[in-house]
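Open the model in your viewer and keep the selection tool at hand. Each stop below says what to pick and what is there.

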Amino acid sequence: MDRRNFSRSVLLSGLAIPALKTGYQPFEEQPQLYKENPMKLPVREFDVVVAGGGTAGVVAAIAAARQGAKTALVEGKGYPGGTVVEGGTALHSFFNLWKAFPGVEKRQVVKGIPQEIIDRLLVIGGTTGHAEVTGRIDYDSACTAIDTELYKLVVFEMLSEAGVNIFVNTLVAGAVRKGASVEGVITQSRIGRELFRGKCFVDTTAYGDLSAWAGAEFIELNDHPVCNSMGIGNVNIEKLFTYLTKNNAVGDIAYGLRDGKEGQIIRMGSESGYLIRDKLPKEFVDGVEKLGSGLITTTVHDNYLMFIKVNYKMAESPTNRDEVAKAELIIRQNQYKTLELFKKYLPGCENAFIARTSPSLNIRRGRTITCDYDITSEDVLEGRHFDDDIMAYGFHDEAPKYRIKNGGTYGIPYKALRVKGIDNLLASGMMITTNRHAHMSTRNTVCCMGQGQAAGTAAAICAAKGVGTRSLLYADLKDALLKNNVHLEV
Ligand SMILES: Cc1cc2nc3c(=O)[nH]c(=O)nc-3n(C[C@H](O)[C@H](O)[C@H](O)COP(=O)(O)OP(=O)(O)OC[C@H]3O[C@@H](n4cnc5c(N)ncnc54)[C@H](O)[C@@H]3O)c2cc1C
C-alpha cells in the first residue's frame with residue numbers, strides 16, 4: 001500500500017481518531033538556561049509605533065498617519081483586522097440602544113474612520129450595512145455584520161493609502177525604556193530582530209504585550225472564556241430560520257443586505273440555554289451547552305453562517321503559552337463536535353462543513369493595563385461624560401440586565417488611554433478598564449475602534465509637538481477628532 005492510500009485507510013478505519021482523544025501533551029521538562037550573546041539590531045525611526053494591527057490598532061495607525069505622523073504598524077499575523085474578523089458576530093454598535101427605549105431618538109454615535117470602513121465594505125459587498133434589529137430588541141438596536149475576509153482586505157488597503165508602514169508577520173517581542181519613556185519596540189520577524197524607535201507608542205495588542213514589556217502595571221483577571229469562532233458553509237439559511245422560528249427559538253432577528261439582495265435574514269440566534277432550552281431537542285441543547293457553543297450568528301452570504309462561537313474557560317490566563325496550547329486542541333475538537341450536532345439536529349445544516357476557523361484562539365481579556373483613569377461601571381451605566389471625552393458609546397454586552405441610562409451614551413475619557421507611569425505610551429481596545437461590567441461595554445468592537453482613532457490621533461499630535469501624552473492639550477486633540485468626523489457629546 002502506498003503512503004497516500006495507507007493514510008486514507010487509516011483515516012477511514014478511524015485509527016486517526018485517537019489523536020482527538022489523547023489531548024495535548026505539554027512539554028514538561030524544565031528549561032536549561034542559555035546566555036544569548038548581545039547583538040546589534042538594525043534601527044528604524046518612526047514618529048508613532050502602533051503595536052498590534054487588530055480592531056483598535058488598524059484605526060489607530062490610519063488616524064496617526066493621516067495626522068502626518070510617520071507611522072509603523074506591527075502585526076503578528078499576515079493580515080490586519082484582529083478579533084473583529086475572528087471572534088464576534090456583529091459590530092456592536094454604531095448606535096444608541098434606541099429601540100429598547102420608546103421615544104428615544106435613533107442616533108449614530110460612532111462615526112469617523114470606523115464608519116469609513118463600513119462605507120468601503122458596502123461598495124464591495126462586504127457588509128450588511130447597519131440593519132435594524134427586530135425580535136429581541138432589548139440587546140442591540142442595529143446589526144452591522146461583516147465579511148471577515150473582505151474586512152481584512154479593505155483595512156489593509158486603507159492602511160496602505162494612509163501611508164502607514166505596515167509590518168505584518170512581525171511580532172512585538174520586547175521594549176526598550178529610557179527613563180519614564182519607551183524608546184523603542186523590539187520586533188521579531190523572519191528577517192530577525194530590529195528596534196523600531198518612536199516618539200509615541202500605542203499598545204493595541206489586546207494582550208497588552210507592549211505595555212508589559214515596557215514595565216507598565218497590569219493585572220490578569222482571567223474572567224472570560226476564550227473562543228475560536230468558525231464559519232460554517234453549505235447551510236440553507238432559510239430552512240434553518242424557518243425551523244428555529246417554528247420552534248420559537250429565535251432571539252434577535254435582522255434583515256439586511258445579503259449577497260447583494262436587500263431584505264434577507266442576516267442575523268438570527270439565541271444564546272444556548274437562554275431562549276432555546278425546552279424549545280429544541282434536549283440532546284442538542286445539552287450538547288452545545290457542554291461544548292460552549294453559541295447559536296447566535298450573522299451572515300452576509302447565502303448558505304453561510306459567518307460566526308459560530310466555541311468557547312472554553314481556561315484554568316489560567318491566556319498569556320500562559322502551554323495552557324493555551326491545550327485549549328487550542330480542545331476547542332478544535334469541540335468545533336468538530338459542534339458541527340456534528342448542527343448537522344444532526346438543525347434542518348438546513350445537514351451538509352454543512354467548517355469553512356473557516358481563526359488561526360488561533362481569541363481572548364475576551366488578557367492583561368488589563370493600568371491607566372491614569374479606570375472607567376467604572378457607574379460611569380458606563382449612568383451615562384457619564386468627561387471633560388476629556390474622546391468618543392461616545394451606547395452599547396452594553398450584558399443588556400438588558402445592564403445598559404446605558406435612558407438609551408443614551410457615556411464618554412471614554414482620554415485619561416483612560418494613558419498608560420500609568422509611562423510618558424509616551426497609550427493603550428486602547430479590550431485591555432483598558434478593570435471593572436467587569438464597564439469592560440463588557442468598552443471591549444466591544446466599535447468602542448475599540450473609536451478608542452483607536454483617538455489614541456492614534458493623540459500619539460501623532462504628541463510626536464509632532466514633541467510632548468508627552470500628559471502634556472497634550474485636550475483642545476488640540478478634540479479639534480483633530482472633530483475635524484475627522486468623530487462624534488463627541490461634550
Ligand atoms: C469570541 C468573541 C466574540 C465577540 N463577539 C463580539 C461581538 O459580537 N460584537 C462586538 O462588538 N464585539 C465582540 N467581541 C469583542 C471584540 O471583538 C474584541 O474585544 C475587540 O475586537 C478587541 O479589539 P482589540 O483591538 O483590543 O484587539 P484585537 O482585535 O484582538 O487586536 C489585537 C491585535 O494585536 C495583534 N498582536 C497581539 N500580540 C501581538 C504582538 N506581540 N506583536 C504583534 N501583534 C500582536 C493580534 O494579532 C491582533 O491583530 C467578541 C470577542 C470575542 C473573543
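Select the side chain of Asn 444 together with the ligand. An N or O atom of that side chain is 3.4 Å from a nitrogen atom of the ligand. This is a predicted model, so treat each distance on the tour as computed from it.

A polar backbone atom of Thr 89 lies 2.8 Å from an oxygen atom of the ligand. A backbone N or O atom of Met 430 is also 2.8 Å from an oxygen atom of the ligand. How much of the ligand does the protein bury? Taken alone, the ligand exposes 990 Å², and the protein buries 95% of that.

Now widen the selection to the shell. Elements giving two or more residues to it are α3 (55-66), β7 (171-178) and α12 (445-465). Around the ligand there are 35 residues, and those that come nearest are Thr 55, Thr 83, Ala 90, Arg 443 and Thr 445. Colour the shell by class: eleven residues are nonpolar, 18 are polar and six are charged.

**Strands**

Select residues 252-258 and 261-269. These are strands β14 and β15, which pair in the antiparallel sense over six bridges. Together β14 and β15 form a hairpin, with two residues between them. Stop at Asp 259 in the turn: its phi is positive, about 45 degrees. Then find Asp 252, which stands opposite Gly 269 in β15.

The pairing of β15 with β16 is antiparallel and has two bridges. Pick Arg 267; its bridge partner in β16 is Thr 298.

Next, select β17, residues 304-308. Is this strand mostly covered or mostly open? It is mostly covered, with five of its five residues buried. Bring in β13, residues 230-233: it pairs with β17 in the antiparallel sense over three bridges. Across that pairing, Gly 233 stands opposite Tyr 304.

**Single residues**

Go to Val 154, in helix α5 (residues 148-162). Val 154 counts as buried because its relative accessible area is 2%, under the 20% cut-off. Leaving out residues up to four places away in sequence, Val 154 touches Ile 117, Arg 120, Leu 121 and Ile 124. For a distance check, draw a line from Val 154 to Leu 171. Their C-alpha atoms are separated by 22 Å, and the two residues are 17 apart along the chain.

Move to Asp 388, in the loop between α10 (377-381) and β21 (389-393). Is Asp 388 buried or exposed? At 9% relative accessibility, Asp 388 counts as buried. Show what surrounds Asp 388, setting aside neighbours within four places in sequence: the contacts are Ile 412, Pro 413, Tyr 414, Lys 415 and Tyr 474.

Last, select Thr 370, in the loop between β20 (368-369) and α10. Thr 370 is partly exposed, with a relative accessible area of 25%. Beyond residues up to four places away in sequence, Thr 370 touches Glu 217, Phe 218, Val 419 and Lys 420.

Definitions and conventions:
Residues are numbered from 1 along each chain as its sequence is written. This is a predicted model: local features need pLDDT of at least 70, side-chain atom pairs count only at pLDDT 80 or more; totals for chains, interfaces and linings use all residues. Side-chain values use heavy atoms; hydrogens and water are left out. Helices (H or I, at least four residues) and strands (E, at least two) are DSSP runs, numbered from the N terminus. Buried means under 20% relative accessible area, exposed over 50%, partly exposed in between (1.4 Å probe, protein chains only). Contact means heavy atoms within 4.5 Å. Two strands pair if DSSP finds at least two bridges between them. A residue is near a molecule or strand if one of its heavy atoms lies within 4 Å of it. A polar contact is a pair of N or O atoms within 3.5 Å; within protein, one must be able to donate a hydrogen and the other to accept it, and residues adjacent in sequence count only if both atoms are side-chain atoms. Accessible areas come from the Shrake-Rupley method with a 1.4 Å probe; for residues, only the protein chains shown count as cover. Ala, Val, Leu, Ile, Met, Phe, Trp, Tyr, Cys and Pro count as nonpolar, Asp, Glu, Lys and Arg as charged, and the others, Gly among them, as polar.
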